[in-house]
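Work through the exercises below with the model open. Try each task before reading its solution.

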Amino acid sequence: MSAFPPTLAAAHARIAAVRPADYARSRNALGGAASRLSPYITHGFVSLPEVLAGVAAQHRLDPQHKFVYELGWRAYFRHVWQHRGDAILQSLHAGPLPEDAYARALPADIRQARSGLPVIDQAVRTLYATGYLHNHARMWLASYVVHLRKVHWRAGADWMLAHLLDGDLASNHLSWQWVAGTGSQKPYLFNAGNVARYAPADWHSPGSVIDQSYAALDAIARRAAPVPAQPADDGVDEPALSSQPPDAAMPMAEDVAGRDVWLIHPWALGAPPADLPAGCLLLGWWPAECHAAWPWSAARWRFVGARMAALATRQWQGDRQALAQALAAARSVQTLADPHVGPLLPPQVRQRPPQPLFAEPDRPCASFSAWWLRSTRGLQALQDLPGLAAQRAD
Ligand SMILES: Cc1cc2nc3c(=O)[nH]c(=O)nc-3n(C[C@H](O)[C@H](O)[C@H](O)COP(=O)(O)OP(=O)(O)OC[C@H]3O[C@@H](n4cnc5c(N)ncnc54)[C@H](O)[C@@H]3O)c2cc1C
């Protein structure tokens with residue numbers, strides 16, 4: 001059975017299981033107390049204010065606590081996406097090497113978990129088997145791909161996004177840029193000692209190309225030649241990707257006409273708002289343009305599809321034009337605003353903004369530290385965060 005049941009109960013159980021003190025102490029270790037909430041957060045089963053309110057109901061937390069800070073990273077990446085739009089899909093600034101020093105395709109030995117480097121092959125196997133990777137494993141994988149094998153971060157980011165249950169354009173692509181040094185001031189590098197400290201024994205890679213000093217690894221990152229690969233013979237097949245929901249293309253329900261509609265999309269899988277009009281139709285929509293651009297693994301389709309099926313009375317896949325035609329006769333249409341779908345929605349759809357957890361700075365912030373400073377300035381207590389204050393008012 002998947003470690004990520006696609007239910008609200010599972011999301012709430014994970015919130016209840018967060019132990020902030022253990023988290024702060026052990027989150028960097030692969031076996032540490034990470035919450036594994038990310039698939040539920042990415043797909044909107046639960047919002048950041050709901051997560052933090054649930055944790056804070058059980059534990060006393062300071063606004064500067066490590067768990068709050070990490071939630072901040074997600075909010076910050078969304079802030080960058082909001083301000084930069086599709087520019088996040090390109091390098092934000094120059095990295096250690098010119099763009100054309102990097103290959104545009106991910107080599108087969110990495111895709112098939114047979115690079116010969118245990119830390120990388122274990123990470124790829126885990127990704128395919130579970131749809132989840134610990135943050136440290138994501139950083140190691142991205143760093144190896146970009147700085148040692150000289151593959152452009154974008155190729156790695158697109159591949160990883162497709163296989164993660166929590167694949168999120170902002171968190172994923174901007175994290176890859178952070179590792180690559182195109183969204184941060186220096187490349188992120190790791191060595192065998194770092195792996196030995198934080199990962200189980202079968203990930204350790206002594207005597208390999210990463211068993212070097214940070215100065216030597218930095219020199220590798222700044223020269224154009226990739227490290228020679230020593231692929232193993234045995235690997236795993238990369239899971240197939242698809243742009244089609246499992247039960248694709250259900251016809252549009254004719255009974256939309258004259259109805260109030262709550263439009264459920266793949267990033268809005270939380271409980272519908274309590275104040276919807278009586279008799280409101282819960283219409284599930286698979287936005288065709290998004291799925292064509294960003295295909296998913298079968299595991300991701302199952303995860304999202306099961307929750308969509310549990311929520312929506314009807315489901316439908318369609319592009320921007322078809323959606324506009326289909327909804328034209330509805331009495332009213334509302335949905336949860338999200339940058340994935342915003343540009344595809346016809347003007348009559350009322351987009352409800354999600355409740356932010358943190359105060360939104362009045363100007364774009366170019367670094368996490370600048371964003372964090374502004375978003376938490378003057379905060380005396382955790383309960384003063386806007387998202388928690390709003391939860392209390394509900
Ligand atoms: C190369 C790379 C790719 C990544 N791709 C994604 C992605 O596609 N989707 C995604 O949600 N996160 C991504 N992350 C960020 C981070 O790795 C995951 O959010 C985290 O590992 C999820 O596990 P968790 O829920 O157990 O996290 P926890 O440590 O328990 O943190 C709780 C929540 O805080 C947020 N969070 C924690 N750390 C980060 C972080 N560094 N950046 C942004 N948000 C964070 C997440 O919403 C997470 O669910 C990526 C990081 C890297 C280095």
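**Exercise 1.** Which residues does His173 touch, not counting residues up to four places away in sequence?

Solution. Two conventions come before the answer. Residues are numbered from 1 along each chain as its sequence is written. This is a predicted model, where local features need pLDDT of at least 70, side-chain atom pairs count only at pLDDT 80 or more, and totals for chains, interfaces and linings use all residues.
Step 1: apply the contact rule, C-beta atoms placed from the backbone and lying within 7 Å. His173 then touches Ile88, Leu89 and Ala157.
Step 2: His173 is in helix α10; helices are DSSP runs of H or I with at least four residues, strands are E runs of at least two, and both are numbered from the N terminus.
Step 3: judge burial. A residue is buried if 20 or more other C-beta atoms, placed from the backbone, lie within 10 Å of its own, exposed if 12 or fewer, and partly exposed in between. His173 counts as buried because it has 25 C-beta neighbours inside 10 Å.

**Exercise 2.** Locate Ile264 and list what it touches, not counting residues up to four places away in sequence.

Solution. Step 1: Ile264 sits in strand β2 (residues 260-264).
Step 1: Ile264 has 24 C-beta neighbours inside 10 Å, so it counts as buried.
Step 2: the contacts of Ile264 are Leu269, Leu282, Leu283, Gly284, Trp285, Met308, Leu311 and Ala312.

**Exercise 3.** How do helix α4 and helix α5 pack?

Solution. Step 1: take the geometry. Between α4 (residues 48-56) and α5 (residues 66-84) the angle is about 175°, and the axes lie 11 Å apart. Axes are lines fitted to C-alpha atoms, for helices over the stretch in contact, and angles run from 0 to 180 degrees between N-to-C directions.
Step 1: classify. That angle makes α4 roughly antiparallel to α5, the class for angles over 145 degrees.
Step 2: name the contact. α4 contributes Leu48, Val51, Leu52 and Val55, while α5 contributes Phe67, Val68, Leu71, Arg74 and Ala75.
Step 3: sort by type. Eight are nonpolar, none polar and one charged. Here Ala, Val, Leu, Ile, Met, Phe, Trp, Tyr, Cys and Pro count as nonpolar, Asp, Glu, Lys and Arg as charged, and the others, Gly among them, as polar.

**Exercise 4.** Describe the shell around the ligand.

Solution. Step 1: count. The ligand is surrounded by 28 residues, and the closest are Ala34, Ser35, Ser38, Asn172 and Ser175. The criterion is a C-beta atom, placed from the backbone, within 6 Å.
Step 1: sort. The shell holds twelve nonpolar, nine polar and seven charged residues.
Step 2: trace the sources. Helices α3 (38-42), α5, α8 (135-148) and α10 (169-180) each give at least two residues. Domain 1 (1-89 + 358-394) and domain 2 (91-221) each give at least three; the bounds come from an automatic or database domain assignment.

**Exercise 5.** Is helix α9 largely enclosed or exposed?

Solution. Step 1: count. Helix α9 (residues 153-163) is largely enclosed by the rest of the structure, because eight of its eleven residues are buried.
Step 1: name them. The buried residues of α9 are Trp153, Arg154, Gly156, Ala157, Trp159, Met160, Leu161 and His163.
Step 2: find the partners. The buried residues of α9 pack against α7 (118-130), α8, α10 and β4 (296-297).

Technical notes:
Parallel < 35°, antiparallel > 145°, perpendicular 65-115°, else oblique. Contact = placed C-beta atoms within 7 Å.
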